[in-house]
Amino acid sequence: MSADNEARLLERLLLADQQAFKELVTTYQGAMRAVAYAILGSRQADEAVQDAWLAVVRGLPGFQRRSSLKTWLLTITANAAKNRYKQNRREVLLDDLPSPHGTIGDARFASDGHWLAAPSSWHEDSPEALLSQDELRECLEHTLLSLSQLQSSVLILRERQGLELEEICNLLGISLSNVRVLLHRARLKVFATLEHFEETGQC
């Protein structure tokens with residue numbers, strides 16, 4: 001959302017425009033849930049987002065525009081999720097769980113973490129290929145579940161929500177170097193799953 005559109009939306013929100021609030025929810029609900037999921041996992045992500053929306057409604061009159069509306073919303077969501085996390089006294093998994101297929105060498109990837117050469121059959125659209133896409137999706141979901149909590153968090157926020165690394169640092173309360181290491185390791189495990197599936201057709 002552009003700065004001008006955000007400013008207009010904020011003005012309407014401050015006037016208690018219900019349609020503006022619906023637009024706010026439609027625009028940012030997905031990103032807020034992704035942040036909550038990254039911190040809490042799936043079980044309580046929705047509850048944390050509800051907590052965040054209540055805080056947003058209470059806090060809107062005091063929003064001082066020192067950050068973007070999106071950054072403000074995601075920060076509130078992260079705080080709500082962390083509060084629920086503390087209440088639940090759940091342990092964050094900091095260990096580096098092994099991938100079922102190991103990892104593959106850094107030389108296969110560009111500096112931005114993407115493949116130098118993508119697997120050859122990614123763009124097929126035959127019925128057999130479409131079926132294998134569903135199977136691959138299941139394999140990838142299994143790999144994501146095998147990641148440590150922080151690896152999964154960083155990967156989701158970066159790859160699914162497109163957040164910058166600095167934003168992820170602030171939301172999750174970890175250093176930039178840690179974010180880079182976690183993202184790199186998570187990507188290697190996902191790529192290892194992709195390569196194994198490409199070679200064998202199995203998870």
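Analyst: Happy to! Helices (H or I, at least four residues) and strands (E, at least two) are DSSP runs, numbered from the N terminus. This is a predicted model, in which local features need pLDDT of at least 70 and side-chain atom pairs count only at pLDDT 80 or more, while totals for chains, interfaces and linings use all residues. Residues are numbered from 1 along each chain as its sequence is written, and side-chain values use heavy atoms, with hydrogens and water left out.

User: How many helices and strands are there in the protein?

Analyst: From the N terminus on, the elements run α-α-α-α-α-α-α-α. The count is therefore 8 helices and 0 strands.

User: What percentage of the residues is buried?

Analyst: A residue is buried under 20% relative accessible area, exposed over 50% and partly exposed in between (1.4 Å probe, protein chains only). The protein has 203 residues, and the buried share of them is 39%.

User: Among contacts between residues at least 6 apart in sequence, what percentage joins residues at least 24 apart?

Analyst: Contact means heavy atoms within 4.5 Å. Of the contacts between residues at least 6 apart in sequence, those joining residues at least 24 apart make up 69%.

User: Where does helix α2 bend?

Analyst: Helix α2 covers residues 18–40. The bend at a residue is the angle between axes fitted to the seven residues ending there and the seven starting there. For α2 this angle is about 50°, and the residue is Tyr28.

User: Which residue caps the N-terminal end of α2?

Analyst: Look at the backbone nitrogen of Gln19: a side-chain oxygen of the capping residue lies 2.9 Å away. At the other end, α2 is followed by Gly41, whose phi is positive, near 90°. The N-terminal cap is Asp17.

User: Which helices do the buried residues of α2 pack against?

Analyst: The buried residues of α2 include Leu24, Tyr28, Met32, Val35 and Ile39. The partners of the buried set are α1 (3–14), α3 (45–59), α4 (69–88), α6 (149–160) and α7.

User: Is Thr77 buried or exposed?

Analyst: Thr77 lies in helix α4. It touches Met32, Val35, Ala36, Val49 and Ala52, leaving aside residues up to four places away in sequence. Its relative accessible area is 0%, so Thr77 is buried.

User: How do α7 and α8 lie relative to each other?

Analyst: Two packed helices are described by the angle between their axes and the distance between the axes. Axes are lines fitted to C-alpha atoms, for helices over the stretch in contact, and angles run from 0 to 180 degrees between N-to-C directions. Helix α7 (residues 165–172) and helix α8 (residues 176–200) pack at about 105°, with axes 9 Å apart. Angles under 35 degrees count as roughly parallel, over 145 as roughly antiparallel, 65 to 115 as roughly perpendicular and the rest as oblique, so α7 and α8 are roughly perpendicular.

User: Which residues of α8 make the contact with α7?

Analyst: On the α7 side, the contact is made by Leu165, Glu166, Ile168 and Cys169. On the α8 side, the residues are Leu176, Val179, Arg180 and Leu183.

User: How many charged residues does the contact of α6 with α8 have?

Analyst: The axes of α6 and α8 come within 8 Å and cross at roughly 85°. Residues meeting there include Val154 and Arg158 in α6 and Leu183 and Arg187 in α8. Ala, Val, Leu, Ile, Met, Phe, Trp, Tyr, Cys and Pro count as nonpolar, Asp, Glu, Lys and Arg as charged, and the others, Gly among them, as polar. The contact has 8 nonpolar and 1 polar residues, and the charged ones number 5.

User: What distance separates the C-alpha atoms of Ile168 and Ser153?

Analyst: Ile168 lies in helix α7 and is buried at 0% relative accessibility. Ser153 is in helix α6 and is buried too, at 1%. They are 15 residues apart along the chain, and their C-alpha atoms are separated by 8.9 Å.

User: Is Ala16 buried or exposed?

Analyst: Ala16 is in the loop between α1 and α2, and its phi is near 65°, a positive value in a residue other than glycine. Most residues other than glycine have a negative phi. With a relative accessibility of 55%, Ala16 counts as exposed.

User: Where is Arg65 found?

Analyst: Arg65 also has a positive phi, near 60°. Its relative accessible area is 42%, so Arg65 is partly exposed. Its place is the loop between α3 and α4.

Technical notes: Polar contact = N/O pair within 3.5 Å; in protein donor to acceptor, adjacent residues only side chain to side chain.
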